[in-house]
Number of protein chains: 6
Amino acid sequence: MSRIAVINPNLSAGFTKKVGDQAQRIVAAQTGIIALNPQFGPDSIEGYYDEAFASVGLLSVIRDLEAAPEQLTDPVGGYVVACFDDTGVDAARCLTTAPVMGLCEAALRMAAAVASRFAIVTPMPVSVRPLEHLVSKYGAASQCVVRAAGVRTLDFEGANAAVAYDALKKQAELCLRNDYAEAIVLGCAGMTDIADRLHAELGVPVIDGVSAAVKMIEAMAMLGLRTSKAGAYAKPPGKSYHGIFADFAPQP
Amino acid sequence: MSRIAVINPNLSAGFTKKVGDQAQRIVAAQTGIIALNPQFGPDSIEGYYDEAFASVGLLSVIRDLEAAPEQLTDPVGGYVVACFDDTGVDAARCLTTAPVMGLCEAALRMAAAVASRFAIVTPMPVSVRPLEHLVSKYGAASQCVVRAAGVRTLDFEGANAAVAYDALKKQAELCLRNDYAEAIVLGCAGMTDIADRLHAELGVPVIDGVSAAVKMIEAMAMLGLRTSKAGAYAKPPGKSYHGIFADFAPQP
Amino acid sequence: MSRIAVINPNLSAGFTKKVGDQAQRIVAAQTGIIALNPQFGPDSIEGYYDEAFASVGLLSVIRDLEAAPEQLTDPVGGYVVACFDDTGVDAARCLTTAPVMGLCEAALRMAAAVASRFAIVTPMPVSVRPLEHLVSKYGAASQCVVRAAGVRTLDFEGANAAVAYDALKKQAELCLRNDYAEAIVLGCAGMTDIADRLHAELGVPVIDGVSAAVKMIEAMAMLGLRTSKAGAYAKPPGKSYHGIFADFAPQP
Amino acid sequence: MSRIAVINPNLSAGFTKKVGDQAQRIVAAQTGIIALNPQFGPDSIEGYYDEAFASVGLLSVIRDLEAAPEQLTDPVGGYVVACFDDTGVDAARCLTTAPVMGLCEAALRMAAAVASRFAIVTPMPVSVRPLEHLVSKYGAASQCVVRAAGVRTLDFEGANAAVAYDALKKQAELCLRNDYAEAIVLGCAGMTDIADRLHAELGVPVIDGVSAAVKMIEAMAMLGLRTSKAGAYAKPPGKSYHGIFADFAPQP
Amino acid sequence: MSRIAVINPNLSAGFTKKVGDQAQRIVAAQTGIIALNPQFGPDSIEGYYDEAFASVGLLSVIRDLEAAPEQLTDPVGGYVVACFDDTGVDAARCLTTAPVMGLCEAALRMAAAVASRFAIVTPMPVSVRPLEHLVSKYGAASQCVVRAAGVRTLDFEGANAAVAYDALKKQAELCLRNDYAEAIVLGCAGMTDIADRLHAELGVPVIDGVSAAVKMIEAMAMLGLRTSKAGAYAKPPGKSYHGIFADFAPQP
Amino acid sequence: MSRIAVINPNLSAGFTKKVGDQAQRIVAAQTGIIALNPQFGPDSIEGYYDEAFASVGLLSVIRDLEAAPEQLTDPVGGYVVACFDDTGVDAARCLTTAPVMGLCEAALRMAAAVASRFAIVTPMPVSVRPLEHLVSKYGAASQCVVRAAGVRTLDFEGANAAVAYDALKKQAELCLRNDYAEAIVLGCAGMTDIADRLHAELGVPVIDGVSAAVKMIEAMAMLGLRTSKAGAYAKPPGKSYHGIFADFAPQP
């Protein structure tokens with residue numbers, strides 16, 4: 001009945017499959033899941049630099065979906081930006097009238113409903129400050145801290161997965177003890193498959209951004225909510241784009 | 001498969017039916033809706049005084065549902081407090097492990113995802129300051145204003161409904177023009193049936209808290225999220241309660 | 001000449017006597033003290049759940065005092081809500097034109113006048129987050145931390161009083177050392193009788209909320225200050241209340 | 001029994017007498033009032049420049065009182081800085097162990113207890129921003145606006161008093177209507193004698209800083225509260241002072 | 001002696017020349033100015049969508065400058081991102097150890113030093129909310145408002161320049177009157193040549209971001225300040241980039 | 001071509017020479033440096049009490065410079081208040097139309113441009129809270145902590161300089177490790193000559209307020225920026241001053 005597009009802005013096919021599978025597992029029977037990643041950009045997103053490139057990749061996928069023939073018969077009802085840095089979410093909201101949700105925003109909303117204080121645990125220290133900016137932008141600064149486990153993002157996918165898990169769990173335990181966190185938010189899309197195990201082992205809610213965002217956007221799509229075009233998310237004013245970005249030019 | 005309880009904390013049967021109907025309309029086929037209100041308390045909730053009594057009524061309904069025999073076979077998966085003042089939500093989160101959501105919290109979350117700035121329009125001036133406290137508590141103070149339409153809450157149900165609608169719409173238009181709001185949040189559960197009309201007439205997203213909260217709690221219930229018992233929402237410490245409240249005493 | 005009502009919202013007669021005695025000790029000769037507690041509700045107030053019930057009990061006492069014959073000849077000049085959670089203070093301000101003050105609000109005001117940074121030490125961890133919300137509401141978040149001593153509220157009254165005192169003092173010392181607190185605020189009405197000893201042993205100001213609130217409300221009463229009825233604390237709009245709350249209905 | 005010193009930091013003898021008279025009128029019978037102003041400095045305090053000089057004058061008065069022979073038998077129990085800019089209050093708190101209170105701080109505390117939103121009306125536009133800094137420092141920024149009546153401070157004392165009053169009242173009415181203020185705070189010590197009239201004419205609480213500060217400091221003095229010497233208000237470290245300030249040098 | 005690179009992230013050659021000329025006019029004799037724009041991207045930057053593409057263009061210019069042979073003999077001492085949206089500044093700080101400054105950040109710093117309250121006037125309404133996020137990020141939310149003149153960014157360069165100027169001036173006058181602004185900040189790089197005229201006509205400081213950023217970065221370069229590599233601005237972790245972005249991959 | 005006045009508000013000639021030398025070292029060839037201190041006041045500035053006196057001394061130097069004959073031919077283009085407490089900066093901005101900058105303000109601006117999080121290390125604990133107020137006033141509270149090294153300010157000048165340096169460095173290292181600071185801000189004018197050494201030993205940016213303020217004010221002076229006289233920094237209204245301050249009276 002409705003299609004939800006889950007876009008991994010990096011080029012790790014493993015990530016894309018993992019988040020797509022998780023999305024499929026949790027949506028209603030009649031909701032279709034499209035899991036995609038861009039054709040260009042970085043293999044993972046760790047900090048401000050990677051974000052700049054991943055944002056453009058994200059926009060390319062949305063642009064192509066909006067122009068695809070299926071839009072006429074079964075338009076995409078909502079987009080999930082499957083990256084915890086919420087890379088390019090604001091720009092994406094300008095490009096489509098369908099609602100757009102990042103993992104961090106959705107995860108913070110659900111965390112705030114089940115805990116009065118919580119912690120984001122993210123892989124790399126370089127992401128701490130960007131995530132703190134998101135926490136502040138989403139109004140959760142007085143109840144959420146951001147900590148790094150000290151492992152690489154892609155380590156959650158391969159041979160180092162066990163080591164990565166242990167580092168994550170150890171940091172989460174410190175948050176419960178020292179930061180008085182009452183719940184843990186997983187600060188990376190690639191952790192979506194370890195939420196259940198961590199929840200079982202810690203005994204507190206563990207919020208996975210992929211699940212949170214997919215269900216929130218599914219809910220918003222079913223309610224028929226669309227992005228407002230009356231202000232900051234208005235259709236971009238028409239103008240020329242040049243070079244490798246020429247075909248991204250907004251029409252007047 | 002799962003039951004969602006939508007509790008109207010005031011005693012207006014009209015409100016209870018209206019929010020129950022709206023909830024039923026928007027949930028998935030397998031989700032059951034229980035729409036209830038307490039047996040004691042005020043007919044409507046307008047300001048701090050009414051809230052104090054409605055909170056206890058709300059807790060009485062949750063207590064009874066948690067103790068009912070159906071809990072053993074088909075436990076309530078989540079509670080919606082169907083009042084825009086989020087009356088008693090924090091206390092309710094102590095009383096059950098199922099997730100609990102108020103209308104204001106859910107509506108602000110969805111509004112923030114489709115608009116960078118928005119306005120709550122509520123019936124009575126006496127509710128403005130309590131709602132501003134909620135907006136601040138939920139971290140939306142930099143993007144959300146609260147305005148009153150100057151009508152009574154119950155006017156949205158009876159002979160004055162047309163006048164109430166006009167006052168609401170006029171105030172919403174002022175918010176779009178003067179406050180640069182990009183979306184309107186309906187600041188009362190009793191407005192749930194006019195969201196579509198207002199959206200059509202204003203051309204911007206109109207967020208109804210009943211719909212927002214029911215879908216968010218349904219999403220959280222399907223994800224298996226439970227309220228953290230590690231901090232502020234822990235099970236209340238055992239102690240004696242007396243007089244008319246004797247049977248609300250938390251067990252040790 | 002003027003009567004100050006000190007209302008303990010819980011049902012511990014020991015607490016009520018203790019706060020009443022302390023109030024009597026510090027007011028001017030011509031100020032009369034009425035120390036009361038409700039006839040229904042919890043034995044102590046620890047967290048959001050207890051607060052919901054204690055608020056109604058508080059309102060019942062105020063309602064009865066306002067309706068008593070003495071009001072005609074010697075009206076109550078101010079109310080102290082003798083609970084550090086400031087339970088029901090906003091609702092109480094709607095119910096009477098006399099000024100109403102909670103312990104937390106008054107204690108923070110005096111603490112801020114004698115110290116640039118201070119700490120609230122409260123008995124139970126479950127109260128930390130509710131108190132942090134109060135600290136934020138009263139605008140003191142940048143200068144006040146909240147810590148728990150890890151003892152039950154009622155322990156300050158009975159056989160465990162010595163153990164409770166030691167736990168409190170130990171936590172206060174940690175606040176001086178680690179949080180750079182320059183003064184200690186006692187986070188529970190039941191600690192009113194240990195302020196002097198703790199002050200003597202720590203060498204920094206120790207602010208007792210009972211004393212602070214009684215003196216502030218006495219000062220406001222003598223100045224003739226009344227609660228504004230122009231906004232959030234307006235007289236509740238008239239409506240029907242039902243069941244066990246029927247006789248709390250505001251008159252039109 | 002106890003002496004309260006009310007220090008007008010400017011050199012207007014009319015102001016000093018006015019605030020002293022008001023203080024005497026409202027304190028308990030056994031409280032003595034000393035009303036003083038410095039021997040040097042400006043005739044009125046309007047903005048940052050005047051404040052710098054008035055602060056030193058204020059400190060000179062406190063220093064002399066602390067060194068006076070009466071201190072041995074009947075020490076000053078508290079100081080009121082009778083200027084709405086709270087000029088020199090922080091420095092004064094370093095100079096004495098008695099509590100020190102400015103008009104703005106005390107008035108905001110009482111205003112917040114009787115109104116959820118309020119406005120300061122001050123004489124000159126040049127004071128608006130300094131007062132906004134105080135409002136922010138005292139944590140009231142979300143509930144208090146500052147407006148100027150557009151008259152000179154000294155106009156409240158002489159032939160222009162009627163014109164000044166009318167300008168003040170007009171501005172206060174605008175605050176009630178446009179800023180949703182529920183109470184008015186008088187933003188100048190020189191307005192202390194018009195609070196009752198304005199209250200009668202506006203029908204909302206009018207808070208006079210002189211009265212608020214005198215009663216708060218009297219309350220704190222009676223409770224035996226002293227300024228903490230553990231941090232920012234510690235006794236100044238000993239060092240040499242030179243020139244006209246030589247005799248202000250703190251002793252080691 | 002030192003080279004400052006002023007990078008216009010859009011492709012308007014007129015803008016690039018204008019900001020380069022202004023930069024040359026105000027730097028010290030021994031400071032060299034390199035004014036460049038990317039080879040791909042939008043003609044102007046108005047809102048979140050344009051920003052996403054302009055960020056990548058900006059990074060391409062910095063990458064090329066850092067890899068150029070002149071770096072060995074005369075390294076770039078600092079970068080100015082000549083766009084008022086501070087597009088890509090955080091990512092740029094990861095890419096180089098030279099200091100990087102956006103127009104908005106620099107302009108707010110100088111405005112705060114000459115005025116206690118000020119206003120940004122930007123061309124298009126779509127930029128208001130992104131700029132408000134910057135104002136908040138830079139900590140100026142309590143003293144700075146953002147307003148739109150309602151003209152297109154490129155109108156400041158061509159036949160419509162007079163109309164654009166008038167709209168800007170009219171909006172600036174409203175800010176002085178209604179928002180109590182004491183200075184005006186020009187919210188677009190393309191306005192750099194009208195600062196003097198506007199200052200002369202308004203009689204208050206007018207801060208041009210190009211001038212502010214060039215002088216601040218020149219000052220920082222002369223002091224030898226470099227971007228910290230200890231946290232959020234660390235060198236990006238090595239990884240693969242693909243497709244059109246392949247040659248942006250950070251080396252391990 | 002232009003003269004910059006660097007005013008040390010305390011009476012330590014060693015400090016004055018040190019900051020003057022540093023200023024001379026970093027300005028452009030055509031910029032003249034005047035390094036002065038007042039004829040009266042404290043030997044160093046540690047906390048609120050010293051600040052009150054140093055502010056007046058500062059104003060005396062500015063007044064004399066503005067009245068000097070050189071003003072007619074070569075007016076002072078900007079003032080640096082060479083104290084990290086930014087003593088008297090707001091009052092000074094009222095006294096002159098030339099821009100005025102304190103060390104703390106300038107250092108925070110440059111620190112925020114090279115690090116996302118940083119720490120001020122100041123000599124004495126008594127300065128921590130006043131500096132925290134400045135950090136908050138300048139909008140950097142979410143990214144800057146203040147710590148004390150536990151040494152006297154004047155120790156950086158004499159026989160104890162090595163001990164003072166070691167204490168400073170040790171505290172800075174704690175900030176890097178425990179507070180995640182990415183850069184260190186030197187919290188005292190007297191540390192200006194150790195910035196290079198500390199930077200070399202710590203490997204992160206070390207910001208010296210003297211250098212930052214001198215270069216910022218030089219930049220602002222070259223751009224012709226003047227303090228706005230439209231609001232809080234307007235010329236003080238004319239009035240009488242008396243006693244030792246008689247010759248500071250603002251003219252009507």
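**View 1. The contact between chain D and chain C in this predicted model****.** Chain D brings 36 residues to this contact and chain C brings 36 residues, two residues being in contact if their C-beta atoms, placed from the backbone, lie within 7 Å. On the side of chain D that touches chain C, helix H5 (103-114) and helix H9 (209-222) of chain D each supply at least two residues, and H9(D) gives the largest share, six residues; helices (H or I, at least four residues) and strands (E, at least two) are DSSP runs, numbered from the N terminus. This side of chain D comprises 24 nonpolar, six polar and six charged residues, where Ala, Val, Leu, Ile, Met, Phe, Trp, Tyr, Cys and Pro count as nonpolar, Asp, Glu, Lys and Arg as charged, and the others, Gly among them, as polar.

**View 2. The two domains of chain A****.** Domain 1 (2-102 + 212-248) and domain 2 (104-209) of chain A have bounds that come from an automatic or database domain assignment, and their centres, taken over C-alpha atoms, are separated by 23 Å. In chain A, 22 residues of domain 1 are in contact with 24 residues of domain 2. Helix H1 (13-26), strand S5 (100-102) and helix H9 (209-222) of chain A each supply at least two residues of the domain 1 side, with the largest share, five residues, coming from H1(A).

**Notes.** Residues are numbered from 1 along each chain as its sequence is written, while chains are lettered from A and ligands numbered from 1 in the order in which they are written. As the model is predicted, local features need pLDDT of at least 70 and side-chain atom pairs count only at pLDDT 80 or more, whereas totals for chains, interfaces and linings use all residues.
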